[in-house]
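Please look through the structure below with the sequence beside it. The paragraphs that follow take up a few residues in turn.

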Amino acid sequence: MFEGATALSLDAKGRLAIPARHRDALVAAGEGTLVLTAHPHRCLLLYPAPAWQPIRDQILKASSLDPRAAAIKRVMVGNARTETPDSAGRLLVAGELREYAQLEKTVYLVGMGSHFEIWSESGWRQQNDLAAEALSGELPAGLGDLVL
């Protein structure tokens, strides 16, 4: 299970060094293959390939005639790229994906259980601000009985 947020740097070639504490588990879960794709919230998603497949299949079942479903297909499946970390544990983030998510030098790798989100520094800051605002009212369905 992947969790925690880590600030990382993209190198000049757009490579992201996956922290050692996550790299081995991520590569093992992906059987050496990872999938990097775009998310409609303007971040990227990084999945071990076997974990991505059922999500991709579920997205592809949606009607292409529904404009919202078609948009989600285009963003998530249309931008999906199969990647393999290099021998130094770095993952190449394609220029198109870096542009989509507005990634610059500093990015945040955020563990979400089965996968990671990759956020720009400003995007991650904005998500934290939105979460603080959202949590000032009633909790969303399913979290009403959460005890911390």
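Leaving aside its neighbours within four places in sequence, which residues is Leu97 in contact with? The model is a predicted one, in which local features need pLDDT of at least 70 and side-chain atom pairs count only at pLDDT 80 or more, while totals for chains, interfaces and linings use all residues. Residues are numbered from 1 along each chain as its sequence is written, and side-chain values use heavy atoms, with hydrogens and water left out.

With those sequence neighbours set aside, Leu97 is in contact (heavy atoms within 4.5 Å) with Leu36, Thr37, Ala38, Leu44, Asn79 and Arg81. Leu97 belongs to helix α4, residues 95–100, where helices are DSSP runs of H or I with at least four residues, numbered from the N terminus. Leu97 counts as buried because its relative accessibility is 1%, buried meaning under 20% relative accessible area, exposed over 50% and partly exposed in between, with a 1.4 Å probe and protein chains only.

Between the C-alpha atoms of Leu97 and Phe2, which are 95 residues apart along the chain, the separation is 22 Å. His22 sits in helix α1, residues 20–29, and is buried, since its relative accessible area is 7%.

Leu143, by contrast, is partly exposed, because its relative accessible area is 37%, and its place is in the segment after α5 (121–134).

Notes
Helix = DSSP H or I, 4+ residues; strand = E, 2+ residues; numbered from the N terminus.
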